Amino acid sequence: MNNQELQKIRADFPILQEKIYNKDLIYFDNGATTQKPRCVVEKIEEGYYYTNANIHRGVHFLSQKATEAHEAARSTVAEFIHAAKREEIVFTRGTTEAINLVASSFGYAFCKSGDEIIISVMEHHSNIVPWQMLCERKGLKLRVIPMNELGELDLDAYKLLLNQHTRLVSVAHVSNVLGTINPVKEIIEIAHKQNIPVLVDGAQAVPHIAVDVTELDADFYVFSAHKIYGPTGIGVLYGKEKLLNAMPPYQGGGEMISIVTFEKTTYNELPFKFEAGTPDYIGSTALAEALHYVQGIGIEKIAAHEHELLTYGTKRLMEIEGMRIIGTSKAKSSVISFLVGNIHPYDLGMLLDKLGIAVRTGHHCAQPLIDSLGMPGTVRASFAFYNSKEEIDTFITSLKRIVIMLS
Ligand code: PLP
């Protein structure tokens with residue numbers, strides 16, 4: 001991406017022109033959430049101002065228009081991740097709710113005492129706790145794939161964990177702490193040899209790399225809109241039709257029913273069976289707008305630019321004495337976790353903030369991973385396509401000053 005293209009993109013994000021403590025904002029916390037282009041915010045405004053009406057149930061003009069927009073958004077999502085059918089796209093509140101949905105519904109229907117669920121050591125809490133809750137409820141065991149010192153999953157250990165008790169494998173496509181891009185296609189192939197379904201947590205993958213759920217042969221794939229330049233409060237569960245059809249509803253209420261009597265209720269067809277209550281139909285259209293925006297730039301171009309930032313940022317960070325980068329996998333997304341000497345990550349984060357630089361510090365909602373590394377946490381800089389090498393230069397200059405001050 002040349003400088004002119006970059007400046008044009010940055011102009012789409014009003015927040016990037018903001019000053020923080022009188023300094024130009026440098027936003028390197030994209031792993032937590034991304035900033036929103038003007039078109040996404042305008043879509044939300046347009047929805048509430050001009051087309052707002054509850055969907056699916058109305059015969060009137062506005063309701064039909066809002067329904068069409070919501071269902072078109074579902075098609076946009078299906079195309080974006082290459083789902084075979086739009087009915088396989090279920091809107092949720094986000095990645096977390098999507099995983100809870102599967103843990104609850106799939107767990108209820110297909111898991112029994114003595115069964116096992118496999119996750120990995122680098123999972124976000126949202127891909128740990130729902131499975132632990134299922135384990136507690138039904139007497140299952142949680143098994144964990146270990147990793148090597150580079151932050152790459154140990155596939156030989158994974159193969160040994162799979163057995164006749166394994167009911168599901170659930171792994172991150174990209175680690176939010178280490179940046180590791182996991183070989184999910186291979187992980188899925190291995191599990192499928194034993195007819196075990198796989199859920200892929202794509203929260204950190206969809207914004208950065210091309211995802212094709214059909215090519216991956218993923219059974220479930222989940223992500224959040226807010227991490228891909230869309231609004232908060234909405235996300236996606238992709239599930240294979242056959243599996244979703246076999247699973248019971250997650251929540252009861254309006255929309256998800258076919259016929260209700262006091263004696264018995266029959267359920268709606270996919271995807272509505274899993275969408276109880278009024279859905280976030282404004283959020284879905286804003287998510288579709290965000291996906292169109294990303295498509296307008298091109299995910300390959302985004303990946304190439306972010307890879308350049310990753311390589312450049314890594315090289316420049318290594319100029320700092322005592323620098324330790326955590327996560328050095330060969331396949332890596334634009335996330336750099338680091339520590340400098342014995343300086344507490346919180347102190348680095350606090351002082352960077354005072355210079356207008358937003359990074360994240362702590363365990364990044366992956367406490368078991370951070371504990372296994374024996375660290376108090378890390379500082380995490382995570383880049384998006386609107387970040388620049390010049391911002392990295394300012395970040396490095398600032399960090400060098402802080403390190404001298406704290407050493
Ligand atoms: N999974 C991963 C890998 C994440 O990085 C995150 C958020 O940081 C989540 C899941 C949870 O996403 P959300 O809070 O949007 O549900």
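Modeller: A disulfide is a pair of cysteine sulfur atoms within 2.5 Å. The structure as a whole holds zero disulfides. C111 counts as buried, at 4% relative accessibility, and C135 is buried as well, with a relative accessible area of 11%. Here buried means under 20% relative accessible area, exposed means over 50%, and partly exposed covers the range in between, computed with a 1.4 Å probe on protein chains only.

This is a predicted model, so local features need pLDDT of at least 70 and side-chain atom pairs count only at pLDDT 80 or more, while totals for chains, interfaces and linings use all residues. Residues are numbered from 1 along each chain as its sequence is written, and side-chain values use heavy atoms, with hydrogens and water left out.

The ligand site comes next. The ligand is surrounded by T95, T96, H124, S126, N176, D201, A203, Q204, S224, H226 and K227, a residue being listed if one of its heavy atoms lies within 4 Å. T95 places a backbone N or O atom 3.5 Å from an oxygen atom of the ligand. T96 has a polar side-chain atom 2.6 Å from a ligand oxygen atom, and an N or O atom in the side chain of H226 is 2.7 Å from an oxygen atom of the ligand.

E97 lies in helix α4 (residues 95–110); helices (H or I, at least four residues) and strands (E, at least two) are DSSP runs, numbered from the N terminus. E97 counts as buried, at 15% relative accessibility. A polar atom of its side chain lies 2.7 Å from the backbone nitrogen of R93. Not counting residues up to four places away in sequence, E97 touches T92, Y250 and Q251, contact meaning heavy atoms within 4.5 Å.

Another buried glutamate is E152, with a relative accessible area of 17%. E152 is found in the loop between β6 (141–145) and α6 (155–161). Its side chain reaches the backbone nitrogen of K330 at 3.2 Å. Apart from residues up to four places away in sequence, E152 touches P146, M147, T180, S329 and K330.

At the level of the whole chain, the protein is divided into domain 1 (3–30 + 298–406) and domain 2 (41–295), with bounds that come from an automatic or database domain assignment. Their centres, taken over C-alpha atoms, are separated by 28 Å. To the contact between them, domain 1 gives 35 residues and domain 2 gives 27 residues.

The largest nonpolar core has 69 residues, of which Y158, V169, Y221, I228, Y229, F385 and Y386 touch the most other members. Helix α10 (residues 281–297) supplies the largest share of this core, eight residues. At least three residues of this core come from each of domain 1 and domain 2. Another core, of 27 residues, lies apart from it and includes I325, I357, A381 and L399. A nonpolar core is a set of buried Ala, Val, Leu, Ile, Met, Phe, Trp, Tyr and Cys residues joined through side-chain atoms within 4.5 Å. Leaving aside neighbours within four places in sequence, Y386 is in contact with L6, I9, R10, F13, L16, Y27, N30, T34, Q35, Y229 and E391.

Some backbone features remain. The peptide bond from L270 to P271 is cis, with omega near 0°, and P271 sits in the loop between β12 (265–267) and α10. Y21 is not a glycine, yet has a positive phi of about 50°; Y21 lies in the loop between β1 (19–20) and β2 (23–24) and is partly exposed at 45% relative accessibility. D217, in the loop between α8 (213–216) and β9 (220–224), has a positive phi near 65° and is partly exposed, with a relative accessible area of 33%.

Key: Polar contact = N/O pair within 3.5 Å; in protein donor to acceptor, adjacent residues only side chain to side chain.
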